[in-house]
Amino acid sequence: MRHSFLYIFLMWVVSLPLRGETTHSLDDLDHKAADAYVKNNQAVWLSIWEDLEVNPKLAEAIIYPELIRYSYWQDQMEKTAVSGTYLSLGKKGPDFSIGHFQMKVSWIEKLEQRWMQCPLHRTLEIFFDTSDHRFARKARLARLSDDTFWQPVYLALFIRLLYIDYPNLSDLPLVEQVRLCATAYNNGADLPGVGKGNIDRLYQWSSRSSFHVDLVTTPLTTMYCYAELAAEHYCRITK
């Protein structure tokens with residue numbers, strides 16, 4: 001019996017993918033929960049993204065891989081960790097990605113600061129208190145924890161700023177725009193100011209296979225290319 005168990009265990013280990021193996025296909029992932037979440041929220045997203053003049057299908061494709069990876073229990077633990085320390089410690093506390101769109105509070109701080117430097121904040125009448133006092137942190141954390149409204153809004157603001165800060169992005173074919181926008185989102189790319197973004201760096205990052213869906217990475221973790229997953233989803237919803 002012991003030998004039989006050992007044999008089965010070894011065969012299971014051998015059948016698992018080795019780290020370093022990469023794949024770009026959504027067919028290799030279980031995305032039923034992600035598809036259900038999209039279906040349940042698509043109408044709200046459409047309203048938000050059209051109001052903020054962002055291509056809804058591009059926006060959906062950018063965050064789709066994160067929806068596949070999202071884990072409710074992990075998210076609850078990380079929200080608790082961030083909520084428990086951010087108000088008192090600010091940037092010195094844990095900086096987990098939270099919510100379905102997997103956004104970090106440090107990333108939101110930078111996004112809000114860049115947004116308030118952009119004239120669009122007056123045009124679209126979206127204003128943030130970017131100070132670091134406790135009340136501003138509390139309001140920021142409440143927004144970040146709102147998957148239904150504020151995370152889609154933050155994504156839209158990020159996309160609007162990408163097209164301002166990264167020259168020639170809008171001149172590319174749409175599927176290539178998806179790849180580069182998804183790459184920028186997944187890597188937390190800087191928003192350095194009008195026309196100052198390094199689009200060549202986005203191209204370099206776009207071929208990386210560094211995205212995974214495991215709770216914790218192990219030597220058996222399979223790595224995916226985030227940009228290609230986003231592009232595949234975009235092609236799927238625009239057929």
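A residue counts as buried when its relative accessible area is under 20%. With that in hand, here are the close-ups of this predicted model.

**View 1. Helix H3 is mostly covered.** Of the 14 residues in H3, eleven are buried. They are Leu58, Ala59, Glu60, Ala61, Ile62, Ile63, Tyr64, Pro65, Glu66, Leu67 and Ile68. The cover over these residues includes H2, H8, helix H9 (174-186) and helix H11 (226-237).

**View 2. H3 has a kink at Ile63.** The kink is about 40° and comes shortly before the proline Pro65.

**View 3. H2 meets H3 in a right-handed crossing.** The two axes come within 11 Å and cross at roughly 145°. H2 brings Ala34, Asp35, Tyr37, Val38, Gln42, Trp45, Leu46, Trp49 and Glu50 to the contact, while H3 brings Pro56, Ala59, Glu60, Ile63, Tyr64, Leu67 and Ile68. By type, these residues are twelve nonpolar, one polar and three charged.

**View 4. H2 also packs against H8 (residues 150-165).** Here the angle is about 35°, with the axes 10 Å apart, and the crossing is right-handed. From H2 (residues 32-51), Trp45, Ile48 and Trp49 meet Pro152, Val153, Leu155 and Ala156 of H8. The residues of this contact are seven nonpolar, with no polar and no charged ones.

How values were computed. Residues are numbered from 1 along each chain as its sequence is written. This is a predicted model: local features need pLDDT of at least 70, side-chain atom pairs count only at pLDDT 80 or more; totals for chains, interfaces and linings use all residues. Side-chain values use heavy atoms; hydrogens and water are left out. Axes are lines fitted to C-alpha atoms, for helices over the stretch in contact, and angles run from 0 to 180 degrees between N-to-C directions. Helices (H or I, at least four residues) and strands (E, at least two) are DSSP runs, numbered from the N terminus. A crossing is left-handed if the near helix is turned anticlockwise from the far one by less than a right angle, and right-handed if clockwise. Contact means heavy atoms within 4.5 Å. Ala, Val, Leu, Ile, Met, Phe, Trp, Tyr, Cys and Pro count as nonpolar, Asp, Glu, Lys and Arg as charged, and the others, Gly among them, as polar. The bend at a residue is the angle between axes fitted to the seven residues ending there and the seven starting there. Buried means under 20% relative accessible area, exposed over 50%, partly exposed in between (1.4 Å probe, protein chains only).
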